[in-house]
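Come along and check each entry against the picture.

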Amino acid sequence: MNLIRLAALLLLLSVCPLAMAATYSVGPAGCTHFSLADALAAAAANGSGPHLIKLRTGELLTGGLSLDEPAADITIEGGYATCAQSAPDVDARMVIRQINPGRVLRFDNASDTRRRLELRHLTLTGGTESLSDVLGGGGALVLQNATLVLGEGAIIEANLAGNGGGVGMLGTPSRIAELVVDGGAKILANEAAGLGALGNGGGVHALDNATIRLVHGRIEENLARRAGGGIALNTARTTLVASPPVLPDTPLAPVVLFHNEAGAGTFASGRGFGGAIYTNQGNITINAPAIGRFTTELNTNRANFGGAIYAEGAT
């Protein structure tokens, strides 16, 4: 009886093969899709992932990208010379540039299954989200049960928003928004310029129910008008965790927050809190491997109050 069942199962599998993860590619010829938006939609609808979307070297102009409730995890990787190439070229990348008012990327996942989007060898730039929008996220906005991973060669650079010039984050109590910085990724030269209570998190702003994980990367030269030149944690339900590894081939620290600024240089009593990091009751944990050198570095950050870190609120 067991042999009969096994034979039937093998026959079924031969007729209906298992779904496989897919590789999509974007380009003018020899690729699966002409536009990144179409490739992203196809990958999001295919539940058999994780999927890879390959982008060629160069610059891609966009009016904004959106990924909502994908059915599988997705990696977008730039730097391919052709769509047929199996790996990206060394030091090559795709620059994704927003050409309209608005953020570059919006990633939202309202499902109960966490989904992950990883960016590799890509730059997100040119985002100009409304300065009155509390969500912010000029480069990327991460919502609900979504994890955005900035991996090898990923850069979020020169974006502008009211909060979270580089990245804005908002989750719910049961769906925590998450950002992971790894692979030497950079969040660079972004600005949070909103007025009043806005202007927080030049690099990253965690509005509520959000977690930031720094593994290997740099947050540098970001500017916040009010608080958190590099990173701002807005509530007690937001968390920052630095967990740098041991990098045997370099003496440099894996996690660096460098030359970020809060307060725009001019002293005022109601702004300029936390040059590198600002927290309003949010939890900060900095882990360190057992080696004889620094693995997390906060250096040359500036603010009116707390050049490195400013913490406030009841605990």
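Predicted model: local features only at pLDDT ≥ 70, side-chain atom pairs only at ≥ 80, totals over all residues.

**Entry 1: a pair of leucines.** I started with Leu117, which stands opposite Leu148 in β11.

**Entry 2: the strands around them.** I looked up how β8 and β11 (residues 146–150) run, and they are parallel, with 5 bridges joining them. Next I checked β8 (residues 115–120) against β5 (residues 74–80), and this pair is parallel too, over 4 bridges. Here I found Glu77 opposite Arg120 in β8. A reminder to myself: strands of a sheet pair through backbone hydrogen bonds, either parallel or antiparallel.

**Entry 3: a helix.** Which residues of α2 are buried? In this helix (residues 36–45), I noted Leu36, Ala39, Leu40, Ala43 and Ala44. They lie on the same side of α2, because they cover an arc of only 135° around the axis. I then asked what these buried residues pack against, and I listed β1 (23–26), β2 (51–56), β3 (58–62), β4 (65–68), β5 and β6 (94–98).

**Entry 4: an open sheet.** I traced 5 strands in the order β13-β17-β21-β25-β29, with parallel pairing. Inside the order I looked at β21 (residues 223–224) and β25 (residues 261–262), which pair over 2 bridges in the parallel sense. In this pair, Ala224 stands opposite Ala262 in β25.

Definitions and conventions. Residues numbered from 1 in each chain as written. Heavy atoms only, no water. Pairing = 2+ DSSP bridges. Buried < 20%, exposed > 50% of the residue type's maximum accessible area, 1.4 Å probe, protein only. Arc of directions from axis to C-beta. Contact = heavy atoms within 4.5 Å.
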